[in-house]
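I opened this model to look up how its parts are put together. My entries follow in the order in which I checked things.

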Amino acid sequence: MTCEQLAALYEEYALGVLEGEERAEMDAHLARPGDQCIHGVAEARWMVAQLSHAAPAAEPPAALRGKIMNAVKQTAAKETPVVSPIEKAKPEPKIGPQRAAFPMWAWAAAAALALITGYTVRQMNTQNTQLAELRKQMKLAALQNQTLQNQLDMNRMVAMVMTSPDSMPVKLMPKDTKMPMVHAYLHPHMGMAITADQMPTMPSARTLQLWIVPKDGKPVSVAIFHPDSAGEIALVAPVTVPKNEIAALAVTDEPAGGSPQPTTPIAWMAAVN
Amino acid sequence: MERILQQDSTALEALYDRYGRPVYSLVLRIAQNPASAEEIVQDIFLQLWRSADRFQISRGPLEPWLFTMARNRALDFLRLKREKQRRREDSDTDVIVPSAVVRPDPEGDIDQSRRAEKIRALLTSLPEAQRHAIELAFFEGLTHSEIAEATGEPLGTVKSWIRGGLLKLRESLGEASS
């Protein structure tokens, strides 16, 4: 079946009522990167999730909030790095009166034993060091893998928002004409995709911050971001202000971590609506 | 979410204050057991705390993400319970709560409450059998043929009820967001 044929089933798939061939077809389409159905099902999931509001309103037990926060504190405590146990120094060999009549063979055996022990300890230390190094490399590889996966997922989301017919493209013009343009795509449900390339490198102590300037009220922070090493930006951020209440989009240069309100002049800006 | 990612527990408290009630209401409606619902909700918020980075990846609005996670968790619980019942082949001892405590409209999130009203109004406007079919799908996690079996209606009828109901939902939400 084609994506066009499956489009009528997106909501039913998101609701979980599809079975058999139809479900298998949909699963197969969703497994293909870039398939049109991925976007359609993502929107349908949002829509179906709204049915949650049909549940009769109920008051959670008063103690639940405290239980969650206690569990969070316990989790945080467990995840706090524990100081590595300090290896205790070996006790000093006891120096005492030696037995005078210690046979030569015993001296030889003791020396051999000491040599073997020394060698074994050294081997173990080397192996432990190698093992620690391998673990470190594995962790690094896993992190790199996760980062790549995250980038892939993010690029997929950006592409979905950019290509959606429901998205509204907005060009943010730079105040400094040497700077490139920043593109934003406002989607009614999936948030806002932001893309740019050929951006200049930024110090790690600074960040770019995107703001929604509502028709009434103060600017609302949408996202903080940093161009990557290739000078590119590609991300999707949630939008909490309804589209028809947005007057403009603006980007400012802020300290790392962002600011509650803009602290520097606008670097990029676009009027909306 | 940025603050949760930075392990700021006050951000999670704020999130619970905003979404704790609707999430609990949804989970209780599906799980039908207050003690289990409490456990599931606790688990959901802890999951959110631990996996905030996964949400950062998928981005998009938080609310549907949270509701979808809550629905999936609660349906998993329900399916497990049904499976146990099937295996035991005797009656379940859990206390079934027929309906949750109705509370006054929450203060605060007007959008959320407006949308909730819209969804409830839409479902109320549907013929009872159609509404029941959609509720069986959403809150009980039943498929087309399982709903047909549960209601005794032909499979084709169930499919057209659900399709029609979802179409109305789409139209209604489209109007709301435009």
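**Entry 1: the two chains**

I began with the interface and found 53 residues of chain B in contact with 42 residues of chain A. I keep in mind that this is a predicted model.

Next I asked which elements of chain B supply at least two residues each to the side that touches chain A. My list reads α2 (9-31), α3 (34-50), α4 (52-58), α5 (62-88), α6 (110-125), α7 (128-140), α8 (144-151) and α9 (155-177). The largest share comes from α2(B), with twelve residues. I then sorted this side of chain B by residue class: 27 are nonpolar, 14 polar and twelve charged.

**Entry 2: a helix pair in chain B**

I stayed with α2(B) and looked at how α3(B) lies against it. Their axes come within 9 Å and cross at roughly 140°. I note α2(B) as oblique to α3(B) because of that angle. The crossing is right-handed.

Which residues make the contact of α2(B) and α3(B)? From α2(B) I wrote down B:L12, B:Y16, B:V23, B:Y24, B:V27, B:L28 and B:A31. From α3(B) come B:P34, B:S36, B:A37, B:I40, B:V41, B:I44, B:F45 and B:W49. By class, the contact of α2(B) with α3(B) has 14 nonpolar residues, one polar and no charged.

**Entry 3: chain A in outline**

I turned to chain A, which has six helices and eight strands. Reading from the N terminus, I get the order α-α-α-α-α-α-β-β-β-β-β-β-β-β. Chain A has 273 residues, and 26% of them count as buried. I also checked contacts in chain A between residues at least 6 apart in sequence: 60% of these join residues at least 24 apart.

**Entry 4: a helix pair in chain A**

Here I picked helix α3 (residues 20-30) and helix α4 (residues 36-49) of chain A; their axes come within 8 Å and cross at roughly 110°. I therefore call α3(A) and α4(A) roughly perpendicular to each other. On the α3(A) side the contact uses A:M26, A:H29 and A:L30; on the α4(A) side it uses A:C37, A:I38 and A:V41. I count five nonpolar residues in this contact, one polar and no charged.

**Entry 5: the sheet of chain A**

In what order do the eight strands of the sheet run? I traced an open sheet, β5-β4-β7-β8-β1-β2-β3-β6 in chain A, with antiparallel pairing. The edge strands are β5 (220-225) and β6 of chain A, each pairing on one side only. From one strand to the next the twist averages 20°.

I also looked for what packs on the sheet. Helix α6 (residues 104-163) of chain A does, touching β2 (182-187), β3 and β6 of chain A. The direction of α6(A) makes about 75° with that of β6(A).

**Entry 6: two strand pairs**

Is it covered or open? I found β6(A) mostly covered, with four of its five residues buried. Its antiparallel neighbour is strand β3 (residues 191-196) of chain A, joined to β6(A) by five bridges. In that pair, A:I194 has A:L235 of β6(A) as its bridge partner.

Last, I checked strand β1 (residues 168-174) against strand β8 (residues 266-271) of chain A. Two bridges join β1(A) to β8(A), and the two run antiparallel. A:M173 stands opposite A:M269 in β8(A).

Notes:
Residues numbered from 1 in each chain as written. Chains lettered and ligands numbered in written order. Predicted model: local features only at pLDDT ≥ 70, side-chain atom pairs only at ≥ 80, totals over all residues. Buried ≥ 20, exposed ≤ 12 C-beta atoms within 10 Å, placed from the backbone. Pairing = 2+ DSSP bridges. Axes fitted to C-alpha atoms, helices over the stretch in contact; angles between N-to-C directions. Parallel < 35°, antiparallel > 145°, perpendicular 65-115°, else oblique. Contact = placed C-beta atoms within 7 Å. Nonpolar A, V, L, I, M, F, W, Y, C, P; charged D, E, K, R; others polar. Left-handed = near helix turned anticlockwise from the far one by under 90°.
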